[in-house]
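Reader: I am new to reading protein models. Can you walk me through one, feature by feature?

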Amino acid sequence: MPITSGQTTVGTVAAQIDGADDNPSFLRIHNNDNTKTLYVGGADVTTSNGLAILKEEAFDIILHPGATIYAVTSSGTHVVSWLRQTI
């Protein structure tokens with residue numbers, strides 16, 4: 001069960017968090033910003049339709065093979081940390 005991790009800079013246009021995997025996987029996303037909310041969802045995520053991850057909070061999800069998560073913020077940019085464990 002490989003584990004990968006990294007950081008992604010997110011702005012006002014939807015950005016893919018970490019890419020897709022050919023296997024099911026557990027993904028933890030951490031909003032590193034201490035002032036802004038992060039919004040996650042599919043490729044069409046916006047601040048209006050995304051799931052909110054509050055400042056300095058984390059979100060866990062199990063992804064099916066090939067599934068990806070995107071994120072966006074309301075203004076500027078900030079860094080998002082992620083950790084993926086292939087199941």
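Author: Start with one term. A polar contact is a pair of N or O atoms within 3.5 Å; within protein, one must be able to donate a hydrogen and the other to accept it, and residues adjacent in sequence count only if both atoms are side-chain atoms. Here, the side chains of Thr-86 and Asp-21 make a polar contact of 3.4 Å.

Reader: What kind of model is this, and how are residues numbered along each chain?

Author: This is a predicted model, where local features need pLDDT of at least 70, side-chain atom pairs count only at pLDDT 80 or more, and totals for chains, interfaces and linings use all residues. Residues are numbered from 1 along each chain as its sequence is written, and side-chain values use heavy atoms, with hydrogens and water left out.

Reader: How many helices and strands does the protein have?

Author: Helices (H or I, at least four residues) and strands (E, at least two) are DSSP runs, numbered from the N terminus. This protein has zero helices and eight strands. Along the sequence the pattern reads β-β-β-β-β-β-β-β.

Reader: Is Thr-86 buried or exposed?

Author: Buried means under 20% relative accessible area, exposed over 50%, partly exposed in between (1.4 Å probe, protein chains only). Thr-86 has 10% relative accessibility, so it counts as buried. Thr-86 sits in strand β8, residues 78–86. Of the 87 residues of the protein, 37% count as buried.

Reader: Which residues is Thr-86 in contact with, leaving aside neighbours within four places in sequence?

Author: Contact means heavy atoms within 4.5 Å. With those neighbours set aside, Thr-86 is in contact with Met-1, Pro-2, Asp-21, Asn-23, Pro-24 and Ser-25. Now take the whole protein. Among contacts between residues at least 6 apart in sequence, 81% join residues at least 24 apart.

Reader: Where does Arg-84 lie, and is it buried or exposed?

Author: Arg-84 also lies in strand β8. Its relative accessible area is 3%, so Arg-84 is buried. Leaving aside neighbours within four places in sequence, its contacts include Pro-2, Phe-26, Leu-63 and Ala-67. A polar contact of 2.4 Å joins the side chains of Arg-84 and Ser-25. Sequence distance is another thing to read. Arg-84 and Pro-2 are 82 residues apart along the chain, yet their C-alpha atoms are separated by 8.2 Å.

Reader: What does Ala-67 touch, not counting residues up to four places away in sequence?

Author: Ala-67 touches Gly-19, Ala-20 and Arg-84 on that count. Ala-67 is in the loop between β6 and β7 (70–73). At 25% relative accessibility, Ala-67 counts as partly exposed.

Reader: Where is Ser-48, and is it buried or exposed?

Author: Ser-48 is in the loop between β4 (38–41) and β5. Ser-48 is exposed, because its relative accessible area is 73%. From Ser-48 to Ala-71 is 23 residues in sequence and 12 Å in space, C-alpha to C-alpha.

Reader: What about backbone angles?

Author: Most residues other than glycine have a negative phi. Glu-56 is not a glycine, although its phi is positive, about 55 degrees. Glu-56 is placed in the loop between β5 (51–53) and β6 (58–63).

Reader: What radius of gyration does the protein have?

Author: The radius of gyration is taken over C-alpha atoms; the globule rule is 2.2 Å times the number of residues to the power 0.38. With 87 residues, a compact globule would have a value near 12 Å, and the protein has 12 Å, which agrees. Its C-alpha atoms fill a box of roughly 35 × 25 × 15 Å, taken along the principal axes.
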